[in-house]
Amino acid sequence: MVNSKKCVGCYSCAQACKNQYHQEPGVVWRDLTPIATKHYPHRERAFYSLACNHCDQPVCAEVCPVQAHVKREKDGIVVHSAEKCIYCHACIDECPYGAAKDNVVLKRAEKCSMCVERVDAGLKPACVLGCPTKALTIVDLATLDNPKAEQYPPGFDKHEALNPSTRFIRPMAPKLALANKDS
Amino acid sequence: MKKELKKNANTAVCPFSRRGFLKGMVATGVLASIPAGILRANAWERIHYEGKYDIFRNACPRNCYDTCSIKSYVRNGVLDFIEGAQESTFTDGALCVKGYAYPRRVYSPDRIKYPMKQVGRGTGNWKRISWDEALTEISEKILEIKKKDGSLLGMALDKYSGNFGITHYGVEGMMSSLGYTSRFVGTPCWPAGIDAQNFDMGNMWCNDPEDFVKAKYIIVWGGNPAWNSVHTMKFIYEAQERGAKLVVIDPLLTQTAAKADLYVRVKTSQDGVLALGMARHIVDKKLYNKEFVEKYSKGFVDFVSYLKEKVSVEWAAEQSGVPAELIRQLAEEYAKAEPGTIWAGYGLQRHMNGGANVRAIDALAAMTGNIGKEGGGVRYGHLQTWGFNYNAMVQKQPEGSVGYLGKDKIKSEFTEEQEGKAKYSDRTININKIAESILNIDEPPIRLLWVACKNPFGQDFDRPKLLKAFKKLEMVVVVDQFFNETVQNADIVLPSTTLFEEYTVNVSYWHYWLSINEKAIPEQYEARSDLQIAAMLSTKMNELESGSCTFPQIMDTKVWMEKEFNEGIYKYFGIKSWQDLRSGPKKAKLASSASWHEKKFATPSGKYEFSSDLAADYGHTKLPEYKVRRKAYDKFRVLTPHTQFGLHSQFVNIDYMEDFNKEPFVYINPLAAKVKNIADGDMVKVFNKVGNVTVKAKLTDNVAEDVILMYEAWFRKADFNVQNLVDDESSDMGSYKTGAPGVAIHDQFADIVKA
């Protein structure tokens, strides 16, 4: 769940992931996408924190020739095993959300696996623990009961065939009282 | 959403297992000393929780409200990853974009590893030297100065807040242990507001920020916690969920403003005017708290007279840019809230009338009875938790030292006044006028400058003047981690340790938690802590001239850390020894989350002083009167607040950070850009009487039509420094508590042209 109302665009989630996995400079699994001014009136003041959407019908799992991407039964995490990767670029090319990242240094694809080993150890993913405003949370889609939760908020591409699992809460904009000039 | 990808025809099967390779390295114990490059390329693996990590407790020593408690995961002497400590309800498991870059910072390829000497200052011709060579060269210079001038007043220290680990006050101690020296005193940061709060209440003392949840009306005034105190936001959100209204008053539409119920754009530096306008309305409607003003304050009657004579809501509206109707509405909502709270940010006091702005805001809170209330108050900062021994700082000058014959006192907002009981003292200079001082001070001039925990070329004002001033210096020694701009202008750089490589203890000037900082990994390469450097310098000095330095030659930072604790700290935090902090940070045992809860103010009258004689002693008005703001000296106001990606010149240079923050920008209003024929993405030149900056433009109405915005930061690959546009004009207040006035950092102006 990406709560863009609470999100302050601080990039802690993005850096927490790098702190955990030490990806090469240039390889970023979780990043912030500023919401365009056509959807949110103030430039660089609202964001969607995005990584892998752990889709219901993940295209990466479908196209990978060596089954390096596998969707887990028990929790739906799409786990990537980078050591299996043969760098065919299929997932990198096919994922419309750009979740599969091209690591040109190690010559393989890489992707957020929702910190699967942290989850298995009973811990929160690095980005979830690392969010100072608690804007990122893990939710169970089977029991999620929040009328404000959306699958395709404005500015997030719709790919119904994939059925992404990420849910969003929209940001709010303030009422304004603006002095015209500073002088 | 999807980024453009290049088609790559190469496919390759990876020839060997990285996991196997890494395991082999672990087995031979080589891991700790392998170059960062290899570690980086093979670092991505699943985290193996089986086969435990060594856990250490650390604390971020940066100048930041949040001072996070950190939990560090080390394996085989290598820092693998960190988390925010979950024991602290303030840190609550999360750090920030800067804190999470620490593991990369420790092993950054461009970290300074050895003492280095620049052959020809500013040439970039650096060569590695040994510690012995470095310390010998420095010691010989110190002895030469002593011989030439008969004193060490020609040696100066420029230090501020690059590292707030309490033991780092050992750098001041190192200076004292050598003799009487020149000290840059004051603070570029928050002195005007400190003086203001001291005139009004006798101390700077804010509520526990965790009690924001109890507020019913919140004004975040001239501050941007969504960037600069991210951990406080959750408490503000909770207050909003409980029905509180959040109002943000700021010349910029900041990230915090975007989270408000109402954002009010005020004309820069007219916050005092706005507050006085609100106060006038509160008086008119008799919405002030009678009990508080009658029992606990002095001078309210005089304040009311002033308001009735000199302040009208209409006048305040015209001066502040906030409509009269809204001033009345804000005043009534704030006065009626039980309680209302105000966060007075540091931005609003970085002005020629900055202290006056804070006094007016304090007055608002006092007259409405919001001081001393849980969930209320005017929140600026506090030093309640800083009662350590400052053992490393207090050192004796060597026998026979000659110093300054004036009556200078070393003032600092963080430590007790150090008064020289001897007839000599150190020579104090305004830290905010370093360029001016170096150029003009004589008898003796400043010959040797020691810089630690500071980056004057990064943060100090009138950069062109500073470059000129440095030419006068005979030797510049800098203790640092990266080849930043000050290091580029130094003769010798000494590599400093990160927080993970030493013991110290940390507290915050905002929250009430205490954290131990353990040595999690060995000193990397030849890096040494400020304290160790002092000890090593002492050894070398005494080798060359017996008795020339009294600094204890203790290299174990754990010993220094232990010496800081005292009964007061133990009692305040309810601990028996520093060992109790190894299981996690501890919070002070507060009688109330509210500061001033007993309403016993530390002023001469013991009351809140609307009318302060002390303020008058320092050349200000007794009452929190309107003070005119600085007249514009050019067409656009230039605002240079902090970037969210760094703490001044720290972090922005880390390659992980560059993934999220590649280059600097200047933010211009579209109306202004149109007139200047500037499109989004164009390079523009920002120029004024001080200097100029060329940078890429972004258009946004987050800024007013005649304001331009740039974030102060050091980009290692860009020629960008906002200090080329900032002069060293002083703020009104700061001398009382910190020894020097502050700087009118946000009272700068410039013009722009397409480059």
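1. The crossing of helix 4 and helix 19, both of chain B, is right-handed. This is a predicted model, and the points below should be read with that in mind. Helix 4 covers residues 131-149 and helix 19 covers residues 530-544 of chain B. Their axes come within 9 Å, with a crossing angle of roughly 60°. Helix 4 and helix 19 of chain B are therefore oblique to each other. Two packed helices are described by the angle between their axes and the distance between the axes.

2. Which residues make this helix contact? From helix 4 of chain B come Trp131(B), Leu135(B), Thr136(B), Ile138(B), Ser139(B), Ile142(B) and Leu143(B). Helix 19 of chain B supplies Met536(B), Leu537(B), Lys540(B), Met541(B) and Leu544(B). By class, the contact of helix 4 with helix 19 has nine nonpolar residues, two polar and one charged.

3. Next, the contact between the chains. Chain A gives 60 residues to it and chain B gives 69. On the side of chain B that touches chain A, the elements that give two or more residues are helix 1 (18-27), helix 2 (36-41), strand 3 (78-84), helix 8 (230-241), strand 10 (262-265) and helix 23 (655-658). Helix 8 of chain B has the largest share of that side, five residues. Sorted by class, the side of chain B that touches chain A holds 40 nonpolar, 18 charged and eleven polar residues.

4. Strand 10 of chain B deserves a separate look. In the parallel sense, and over four bridges, strand 10 of chain B pairs with strand 9 of chain A, residues 175-178. Leu176(A) has Tyr263(B) as its bridge partner, and Ala177(A) stands opposite Val264(B).

5. Strand 10 of chain B also pairs inside its own chain. Three bridges join it to strand 9 of chain B, residues 245-249, and these two strands run parallel. Here Tyr263(B) is the bridge partner of Val248(B).

6. Is Val2(A) buried or exposed? Val2(A) has 24 other C-beta atoms within 10 Å, and the cut-off for buried is 20 or more, so Val2(A) counts as buried. Val2(A) lies in strand 1 of chain A, residues 2-3. Apart from neighbours within four places in sequence, the contacts of Val2(A) are Tyr48(A), Ser49(A), Ala135(A), Leu136(A), Thr166(A) and Phe168(A). Asn19(A) is 17 residues from Val2(A) along the chain, and their C-alpha atoms are separated by 20 Å.

Definitions and conventions: Residues are numbered from 1 along each chain as its sequence is written. Chains are lettered from A and ligands numbered from 1 in the order in which they are written. This is a predicted model: local features need pLDDT of at least 70, side-chain atom pairs count only at pLDDT 80 or more; totals for chains, interfaces and linings use all residues. Two residues are in contact if their C-beta atoms, placed from the backbone, lie within 7 Å. Ala, Val, Leu, Ile, Met, Phe, Trp, Tyr, Cys and Pro count as nonpolar, Asp, Glu, Lys and Arg as charged, and the others, Gly among them, as polar. Two strands pair if DSSP finds at least two bridges between them. A residue is buried if 20 or more other C-beta atoms lie within 10 Å of its own, exposed if 12 or fewer, and partly exposed in between; C-beta atoms are placed from the backbone. Axes are lines fitted to C-alpha atoms, for helices over the stretch in contact, and angles run from 0 to 180 degrees between N-to-C directions. Angles under 35 degrees count as roughly parallel, over 145 as roughly antiparallel, 65 to 115 as roughly perpendicular and the rest as oblique. A crossing is left-handed if the near helix is turned anticlockwise from the far one by less than a right angle, and right-handed if clockwise.
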